[in-house]
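I opened a new entry today. I wanted the overall build first, then one residue.

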Amino acid sequence: MADALQGPKSYFPSIEAKYGRSIDEWIELLRPHAGEKHMEQVAFLKEQGMGHGHANALVHVFRAEHDGA
């Protein structure tokens, strides 16, 4: 099980299941918010109906791997 998701990405399967969008779709929704502060990006996702923990995990990956910072 070396390919098991760890860290913030471990939330991705439940994010996709709970909110009905793929992670790629969420990343695209966040793109216009690149460069904003972390908590501003989290607030945007919460406005879309996402819970705080899921939003925080997604923003962490967005900033680290998708030029979102």
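My notes on the fold and on one glutamine follow.

I worked on a predicted model, where local features need pLDDT of at least 70, side-chain atom pairs count only at pLDDT 80 or more, and totals for chains, interfaces and linings use all residues. Residues are numbered from 1 along each chain as its sequence is written, and side-chain values use heavy atoms, with hydrogens and water left out.

**Fold.** I looked up the elements and found 4 helices and 0 strands. These are DSSP runs (helices H or I, at least four residues; strands E, at least two), numbered from the N terminus. The order is α-α-α-α.

**Size.** I checked the radius of gyration, taken over C-alpha atoms, against the globule rule of 2.2 Å times the number of residues to the power 0.38. The protein has 11 Å, which agrees with the value near 11 Å for a compact globule of 69 residues. The C-alpha trace spans about 35 × 25 × 20 Å along its principal axes.

**Glutamine 41.** I found glutamine 41 in helix α3, residues 38-47. Glutamine 41 counts as buried because its relative accessibility is 0%; buried means under 20% relative accessible area (1.4 Å probe, protein chains only). Across the protein, 30% of the 69 residues count as buried.

I then listed its contacts (heavy atoms within 4.5 Å). Beyond neighbours within four places in sequence, glutamine 41 touches Leu30, His33, Ala34, Gly35, Glu36, Val59, Phe62, Arg63 and Gly68. A polar atom of the glutamine 41 side chain lies 2.9 Å from the backbone oxygen of glycine 68.

Conventions
Buried < 20%, exposed > 50% of the residue type's maximum accessible area, 1.4 Å probe, protein only. Polar contact = N/O pair within 3.5 Å; in protein donor to acceptor, adjacent residues only side chain to side chain.
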